[in-house]
Amino acid sequence: MSRQVFLYDPPDRFVAGTVGLPGRRTFFLQATAAGRTTSVALEKAQVEALAERIDELLDEVVRRTGGSAPVPAVAPAELSDAAPLETPVEEEFRVGTMALAWDGEHQRMIVEAQALVELDADTDEDLAEAEERLLQDEANGPPMLRVRITGTMARAFAKRALEVVNAGRPPCPLCSLPLDPEGHVCPRQNGYRRGA
């Protein structure tokens with residue numbers, strides 16, 4: 001079966017968002033263009049890591065080009081996007097591997113999110129070999145979302161993604177673990193239940 005690549009070059013909208021209540025949210029990357037929408041599910045930590053790495057890569061592009069690349073230092077206010085995900089949110093796949101690159105020729109950030117796959121292997125060497133074969137198989141690999149965006153869009157994406165990650169449950173003032181609406185057992189209170 002040939003690989004399915006969901007290509008957005010460029011998307012009209014590329015955002016991270018959630019479905020569900022804090023503490024039980026499902027995180028998504030969503031790309032939209034020309035009447036089509038692709039949504040892929042991923043973990044909160046993956047969204048946070050992606051946003052941080054995008055900012056780091058853009059900072060490096062600015063540094064290496066001496067500021068000549070069309071990359072703003074911060075996300076422009078006019079690109080702020082607080083709208084919810086496009087509905088219905090239909091998960092195409094769950095993300096396993098992500099990759100980032102900067103296309104210097106076209107001045108674009110390339111974001112790739114590849115589907116999670118399970119590999120059978122008897123040894124660590126066999127597993128590493130199977131992973132490498134899978135990553136190199138352009139024709140028959142797992143589904144992939146590939147998005148090409150400007151530096152400005154990338155900054156706006158990263159800003160929103162970090163806001164989405166931080167919009168969850170508030171942290172306990174004593175232990176910094178997330179507070180549930182029912183409270184939580186705080187290790188700093190020797191196991192006594194603490195209210196929200």
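**From one exposed alanine to the whole sheet**

Ala-34 counts as exposed, because its relative accessibility is 77%. In this text, exposed means over 50% relative accessible area, buried means under 20%, and partly exposed covers what lies in between, with a 1.4 Å probe and protein chains only. The model is predicted, so local features need pLDDT of at least 70 and side-chain atom pairs count only at pLDDT 80 or more, while totals for chains, interfaces and linings use all residues. Residues are numbered from 1 along each chain as its sequence is written, and side-chain values use heavy atoms, with hydrogens and water left out.

Ala-34 sits in the loop between β3 and β4. Strand names such as these refer to DSSP runs (E, at least two residues), and helices are runs of H or I with at least four residues, both numbered from the N terminus. Ala-34 is not a glycine, yet its phi is positive, at about 50°. Most residues other than glycine have a negative phi, and most peptide bonds are trans.

Two strands are said to pair if DSSP finds at least two bridges between them. Opposite Ala-31 stands Thr-38 in β4. Strands of a sheet pair through backbone hydrogen bonds, either parallel or antiparallel.

How many strands form the open sheet, and in what order? There are 7, in the order β1-β7-β6-β5-β4-β3-β2, and their pairing is mixed. The edges are taken by β1 (5-8) and β2 (13-19); each has a single partner strand, so one side of each has no neighbour in the sheet. From one strand to the next, the twist averages 30°. This angle, like the others between elements, is taken between N-to-C directions on a scale from 0 to 180 degrees, and axes are lines fitted to C-alpha atoms, for helices over the stretch in contact.

Strand β6 (residues 108-115) is mostly covered, with 6 of its 8 residues buried. Strand β5 (residues 91-103) pairs with β6 in the antiparallel sense over 8 bridges, and Met-98 has Ala-113 in β6 as its bridge partner. These two strands form a hairpin with 4 residues between them. Gln-107, in the turn of this hairpin, has a positive phi near 55° although it is a residue other than glycine. With a relative accessible area of 26%, Gln-107 is partly exposed. β6 is also joined to strand β7 (residues 144-149) by 6 bridges, and these two run antiparallel; here Met-109 has Ile-149 of β7 as its bridge partner.

Two helices lie on the sheet. α1 lies across β2, β3, β4, β5 and β6 and runs at about 15° to β5. α3 touches β2, β3, β5, β6 and β7, and its direction makes about 5° with that of β2. Helix α1 (residues 44-65) and helix α3 (residues 151-166) also pack together, at an angle of about 145° and with axes 9 Å apart.

The loops hold two cis peptide bonds to consider. One joins Asp-9 and Pro-10, with omega about -5°, and Pro-10 is in the loop between β1 and β2. Another runs from Thr-87 to Pro-88, with omega near -5°; Pro-88 lies in the loop between α1 and β5.

The last topic is cysteines. A disulfide is a covalent bond between the sulfur atoms of two cysteines. Here it is taken as a pair of cysteine sulfur atoms within 2.5 Å, and a search of the whole structure finds 0. For Cys-172, the nearest cysteine sulfur is that of Cys-175, 3.8 Å away. Cys-172 counts as buried because its relative accessibility is 2%. Cys-175 is buried too, with a relative accessible area of 19%.

Definitions and conventions: Contact = heavy atoms within 4.5 Å.
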